[in-house]
Amino acid sequence: MASMVESREWYLAAYSPHGVPTSDNLKLRTVTLSLASDSIPDGHVSLQILYISVDPYLRSRITGTMDGLYSPQFQLKEVISTFGVGKVIGSKDSKYTEGDLILSPFAPVAEYCIVPSSHIIQKIDAASGISLLDYINVLGVPGFAAWLAIVVVGDPKPGSNVFISAASGAVGMCAGQLAKMRGCRVIGSTGSDEKVKLIKEEFGYDDGFNYNKESDFDAALSKYFPDGIDVYLDNVGGKMLESVLNHVNKYARIPLCGMISQYNKVWTEREGVRNLLNMVGKEVRMEGFMLESYWHRFGDFAKDMEGYIKEGKVTSKNKINIGIESFLDSLASLFSSSNIGKVVVQVNKA
């Protein structure tokens, strides 16, 4: 590969406190980057980015405010970053050599880059038989979030009634399969009849409903959970969370993974939950969690999930958009209910 490359990258031009981010907020630019060995500092590697993960939490990093997820904000004029798979081009770290495939939670949304090797969380075994796409799906942000929600925070017992919102999304499709492995009865909510069919036929859900067809969430939950809800994995917040609290069993657990229905609103516009008192009488534990607080468990998660993939116990679905120029539209699509499965941008061919 040439020592000098033209690399396109997405950077933050202006914060977006509300609404879906646009090209006023995120812009694509081209930079000239030297990949020559003497341009790589000690303890760094140069990478060709192959795939990048497009996840809802990225929205919280360009608001310019510290609330909600309290995510560290990207800096103006700087390249944004996300979970990504890359190929090592050059290295000043003895642990990595040219051609290595790596996984990083801090991959720049760029075609090429030079990053500290400390930003690499895993070297990928190309002979493992696991798809590279799985490393940013069931072995990436959504899979880790699902594993934490079900295995660590929710911890449902066999026979538990588990409800998962945004069930056909990247987190939901994985969480449902993990809950089924634990012997639970699992119901999901999605935004279309097609997605309800998908979660039942491909991801093992016992049943599901299209929330867009339900005018009364309380009535829907009464129908699908006549014996109440033991664990609710919340990915949407708002009215669904409020309705769930009318159907929780004693000692129910509610892992809060995200609230995508609220991300594009400032806090004064978000929907409040009026029945939190139910948590007191039912002794419910509702707990938010962030991945960075659990990086020490990533090895346990990866070991479990790699085994499940090889055994065929966990499957996934991806929506692959080609070319780094598709990143902004890919991000916006997360808030339209138009996707089925995990949204991924293929930056360069593997």
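At 42% relative accessibility, Glu283 counts as partly exposed in this predicted model. Its place is the loop between α6 (277-281) and β13. Phi of Glu283 is near 50 degrees, a positive value in a residue other than glycine. Tyr251 also has a positive phi, of about 65 degrees, and is not a glycine. Tyr251 lies in strand β12 (residues 248-256). With a relative accessible area of 55%, Tyr251 is exposed, because the cut-off for that class is over 50%.

The strands β12 and β13 belong to an open sheet of six strands. The order is β10-β9-β8-β11-β12-β13, and the pairing is parallel. At the edges stand β10 (207-210) and β13 (285-288). Each of these two has a single partner strand, so one side of each is left without a neighbour in the sheet. From one strand to the next, the twist averages 15 degrees. In general, strands of a sheet pair through backbone hydrogen bonds, either parallel or antiparallel.

Pairing can be followed residue by residue in part of the sheet. Strands β8 and β9 run parallel and are joined by four bridges. Phe163 stands opposite Ile187 in β9. Helix α2 packs on the sheet and touches β8, β9 and β11. The direction of α2 makes about 170 degrees with that of β8. Helix α3 (residues 193-201) packs on the sheet as well, touching β9 and β10. The direction of α3 makes about 170 degrees with that of β10.

Strand β9 is mostly covered, with five of its six residues buried. On to β10, four bridges join β9 to this parallel strand. The bridge partner of Ile187 in β10 is Asp207. Here the chain crosses from β9 through α3 to β10, in a β-α-β crossover that is right-handed.

Helix α2 was examined for length and burial. It covers residues 170-181, which makes 12 residues. At 1.5 Å a residue, α2 should span 16 Å; its end C-alpha atoms are 18 Å apart, which agrees. Of the 12 residues of α2, 10 are buried, so the helix is largely enclosed by the rest of the structure. The buried residues are Ala170, Val171, Gly172, Met173, Cys174, Ala175, Gly176, Gln177, Leu178 and Ala179. Their packing partners include the strands β8 (161-164), β9 (185-190) and β11 (229-233). They also pack against α1 (141-154), α7 and β15 (342-346). After α2 comes Gly183, whose phi is positive, near 80 degrees.

Helices α1 and α7 also meet each other. Their axes come within 10 Å and cross at roughly 100 degrees. The two helices are therefore roughly perpendicular to each other. On the α1 side, the residues involved are Gly143, Phe144 and Trp147. On the α7 side, they are Phe298, Asp300, Phe301, Asp304 and Met305.

Val153 has its place in helix α1. At 2% relative accessibility, Val153 counts as buried, because the cut-off is under 20%. Leaving aside neighbours within four places in sequence, Val153 is in contact with Leu148, Arg253, Pro255, Arg285, Glu287, Phe289 and Tyr294. The C-alpha atoms of Val153 and Lys180 are separated by 16 Å. Along the chain, Val153 and Lys180 are 27 residues apart.

Val314 is found in the loop between α7 (298-310) and β14 (318-322). With a relative accessible area of 6%, Val314 is buried. Its contacts, leaving aside neighbours within four places in sequence, are Val138, Gln177, Met181, Met305, Tyr308 and Ile309. Among them, Gln177 is one of the buried residues of α2, and Met305 is one of the α7 residues that meet α1. Val314 and Tyr51 are 263 residues apart along the chain. The C-alpha atoms of Val314 and Tyr51 are separated by 21 Å.

Key:
Residues numbered from 1 in each chain as written. Predicted model: local features only at pLDDT ≥ 70, side-chain atom pairs only at ≥ 80, totals over all residues. Heavy atoms only, no water. Buried < 20%, exposed > 50% of the residue type's maximum accessible area, 1.4 Å probe, protein only. Contact = heavy atoms within 4.5 Å. Expected span 1.5 Å × (residues − 1). Pairing = 2+ DSSP bridges. Axes fitted to C-alpha atoms, helices over the stretch in contact; angles between N-to-C directions. Right-handed = clockwise from strand over helix to strand, strands pointing away. Parallel < 35°, antiparallel > 145°, perpendicular 65-115°, else oblique.
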